[in-house]
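Dear colleague,

I am handing over the structure we spoke of, and I would be glad if you could look through it alongside the notes that come after it.

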Amino acid sequence: MTELPESLVELARRYGVATEYEDWSGRRITVSESTLVGVLDALGVPAATDSRRTAALAEHDRDHWSRSLPPVIVGRAGSTSSFWVHVTHGDPVRLWIRLEDGSVRTGLRQLENNRPPYDLAGRLVGEASFELPADLPLGYHELHLQLGTSDISSPIIVSPASLEPPTGRTWGLATQLYSVRSRTSWGIGDLTDLTDLAVWSASRHGAGFVLVNPLHAAAPTPPMEPSPYLPTSRRFVNPIYLRVEAIPEFAYVENRGRIVKARANAQARAHKSRLVDRDRVWKYKRAALEAVYRVPRSAGRELAYQAYRERQGRNLDDFATWCALAERHGGDWHEWPEELRHPESPAVARFAADNAAAVDFHRWLQWQLDDQLTAAQATSVASGMGLGIMHDLAVGVDPNGADAWALQDVLALGVTAGAPPDEFNQLGQDWSQPPWRPDELANQAYEPFRALVNTLLRHAGGVRIDHIIGLFRLWWIPKGAPPTEGTYVRYDHEAMIGIVALEAHRAGAVVVGEDLGTVEPWVRDYLRERGLFGTSILWFEFDRDGDGAPLRAERWREFCLSSVTTHDLPPTPGYLAGEHVRLRDELGLLTRPADEELAADRRQQAAWLDELRRVGLLSGDLDEVGVDQVVSALYKYLGRTRSRLLALSLADAVGDLRTQNQPGTTDEYPNWRVPLAGPDGKKMLLEDVFADPRAAALGQVMRAAVNTQV
């Protein structure tokens, strides 16, 4: 392979762009020059020629030395750290810290720094280093630098050294909420259904949490994006999950019979439809919600709404404005009139003023969601759950959606995030989502990320962060290139994990990182050090350093959320039948013949059945004992591990066969649109789940599993 130009390698290094990496098979891969140029261009750095790279390096130096303080300073409670200060060479430095509570700290200790001064357009700039004290309280503080009559400041983030784990072991249901409707919901699972599922699993089977799919907002225009992992916004929630009748003002709607009839129509459509039809549900539900919105609010309710608006501030206004604009001009902001394509535009402000009611309706929807999410968490805890609702944070957002519009200055719009080829997705993955720009995140003191995490944890006893490795490094793919032609871009994981830990500490929540796939070994150690849990999926747990046999239970990680399967695989009954191989073959996603893939899968499954027999959880082969006994034995095996958190897939609990999502596809398979069903393929309502003997039996298996002595 052609050697990369030295100037390109240096420029990539400065911006955290990998010029080589190790793939899933252990091979060292050199990144192509075209990929590096494309990724740097998305960071606003011209790198196509040597002269441009030389200029970019000089500009990087000038930018660094022209800053008096770092854009943000990150520390851990109980540990010292250092930061630099730039002043005219020889000038005195006066520093102090204003803490979050308003008090002031002075007397920061200066450290030795022998770096020579830099000539910045004829002015010599010197660098001094100071120590961030170890005894600063947790929180968001501010460093101040006095330069003559000028006061320059920079944010300080002090996070916990480590999160305290929940005591003991507990288990929870993992569910795709949209797939679990009840007799009283509108053809799709909603927040009342989520609450009822939590109460049932806690009161009857001792569950400690419910892990739910991302509830992030989708665009309010058809066709509504089915994937909860490709939302229009991660900061706000999809109003399709509202229970209309649970809104207090519903009691005062005139002619409520129309709403009751609309709900009946939505239910009838859902009963007839083979798949979850979000567009149809939203059409009925939106009309009903508009009727409730028009009801005058009491004085107390109006105060509560105003308090919510003040708390959410500009973020809520931007989101609601985008929704109203999308209903007028379509869901892709790139196709809007030029003057509306940036939230700071005067034309956007005029639109919001001229369409105040339409904008306010979308603000109001988020307030109702805030209310119902609060009630869901409170009821879950009151029913006996130690954690309650565990929310899921998606990796990114739709490039055409609300967050991409509102946060476009801090997102890299010339690339998409994804994943390199790995053992299971051998062609790699392109998630079509614009990643955070690490440089702009730092320049904004991580405020957009802080707001996101804070909002998600407001109603949660836990959060699962999908692809948490993306807070360390993320696979960037230049637009138009295949997933194989990407590279990693590094983030300041100390800042991003620190913010997650600080917000989780304040919320009293547990954090689970989905750390599957290609992971640098030190990353899992780091997450454990910071008190974040990892993720283990039984089908992926093999002794890769030994003979390749299933990883024995006593060697599984303790601080981990462990389950048999995941939403990217078929439910366990389907997996045992080889459904994942058949489906990938049918969709052309395999890189070797289906017979070879199936044979390898059969060997893997046979190894696990051998392990179940070795520990006395199974007495025969699959054909002899039946699928239900094998599924039960697999979940009992989780109880033999040291993992503190265990998850039971609701699809496994009822014997469902069909996968919710097939990675590498969009419309080739009905991803995220499959309603919950039993082993016979017949759709199941929530009431059916509560009465299902199979679900009850597995619930008791999980209760016993977390009480197993290991």
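Below is what was found, from the whole chain down to one residue.

This is a predicted model, in which local features need pLDDT of at least 70 and side-chain atom pairs count only at pLDDT 80 or more, while totals for chains, interfaces and linings use all residues. Residues are numbered from 1 along each chain as its sequence is written, and side-chain values use heavy atoms, with hydrogens and water left out.

The chain holds 22 helices and 25 strands (DSSP runs, H or I of at least four residues for helices and E of at least two for strands, numbered from the N terminus). Its C-alpha trace spans about 80 × 70 × 50 Å along the principal axes, and of its 710 residues 57% are buried, meaning under 20% relative accessible area with a 1.4 Å probe and protein chains only.

For residues 69-160, UniProt lists "domain: MalQ N-terminal beta-sandwich" in an unreviewed entry; such annotations may be inferred rather than shown by experiment. In the model this span is 0% helix and 58% strand, and its end C-alpha atoms lie 23 Å apart.

S68 sits in the loop between α3 (50-66) and β3 (73-76). With a relative accessible area of 16%, S68 counts as buried, and, leaving aside residues up to four places away in sequence, S68 touches W84, V85, H86, L145, L147 and I152, where contact means heavy atoms within 4.5 Å.

Terms used
Buried means under 20% relative accessible area, exposed over 50%, partly exposed in between (1.4 Å probe, protein chains only).
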